[in-house]
Amino acid sequence: QVQLVESGGGLVQAGGSLRLSCAASGIIFRLAVMGWYRQAPGKQRELVASITRDGSTNYANFVKGRFTISRDNAKKSVYLQMNSLKAEDTAVYYCTVMTIDFWGQGTQVTVGS
C-alpha cells in the first residue's frame, strides 16, 4: 500500500523559510519521480518542483532561486526547502509520486505579510 506522509508546513512571516518533508512507503522509492505541487484558495493546483531518480530537478519559474527540492533515497523521503517566502506562496502543498500519479494529503503553508 502506497503512503505519503507530509510534514513541515505552518505559519511563517514573509521572507522566512520552511522545509517540507515527505516520507514514502509502499514504493520502490529510488525509482520514483517525485514532485511537489501546491494549490492556493480559488486557484488550480500547480507544479512547484520535481526531481527524477537520478536527482535532476525542475522548478516552476515562480520559485526558481528560492525553493530547492531534494531527495534521500535511504530515507525514502523528498524535501522542499523554501526560502524568501512570499504571501503568494500561501497554499496547500502536496507531495506526489509522479511516476504513478499518487498524492499525499497535503500540508498547509501560510505566509504572513
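This is a predicted model: local features need pLDDT of at least 70, side-chain atom pairs count only at pLDDT 80 or more; totals for chains, interfaces and linings use all residues.
Local features are reported at pLDDT of at least 70 and side-chain atom pairs at pLDDT 80 or more, while totals for chains, interfaces and linings use all residues. Residues are numbered from 1 along each chain as its sequence is written, and side-chain values use heavy atoms, with hydrogens and water left out.

Arg-66 sits in the loop between β6 (57-59) and β7 (67-72). Strands are DSSP runs of E with at least two residues, and helices are runs of H or I with at least four, numbered from the N terminus. Arg-66 has a relative accessible area of 10%, so the residue is buried; buried means under 20%, exposed over 50%, and partly exposed in between, with a 1.4 Å probe and protein chains only. Its side chain reaches the backbone oxygen of Ser-84 at 3.0 Å. Beyond residues up to four places away in sequence, Arg-66 touches several residues, including Gln-81, Ser-84 and Asp-89; contact means heavy atoms within 4.5 Å.

Val-5 belongs to strand β1 (residues 3-7). With 46% relative accessibility, Val-5 is partly exposed. Leaving aside neighbours within four places in sequence, Val-5 contacts Ser-21, Cys-22 and Ala-23.

Strand β11 (residues 107-112) pairs with β2 and with β9. Two strands pair if DSSP finds at least two bridges between them.

| Strand | Sense of pairing with β11 | Bridges |
|---|---|---|
| β2 (residues 10-13) | parallel | 4 bridges |
| β9 (residues 91-97) | antiparallel | 3 bridges |

In β11, Val-111 is the bridge partner of Val-12, and Gln-108 is that of Val-92.

Methods. A polar contact is a pair of N or O atoms within 3.5 Å; within protein, one must be able to donate a hydrogen and the other to accept it, and residues adjacent in sequence count only if both atoms are side-chain atoms.
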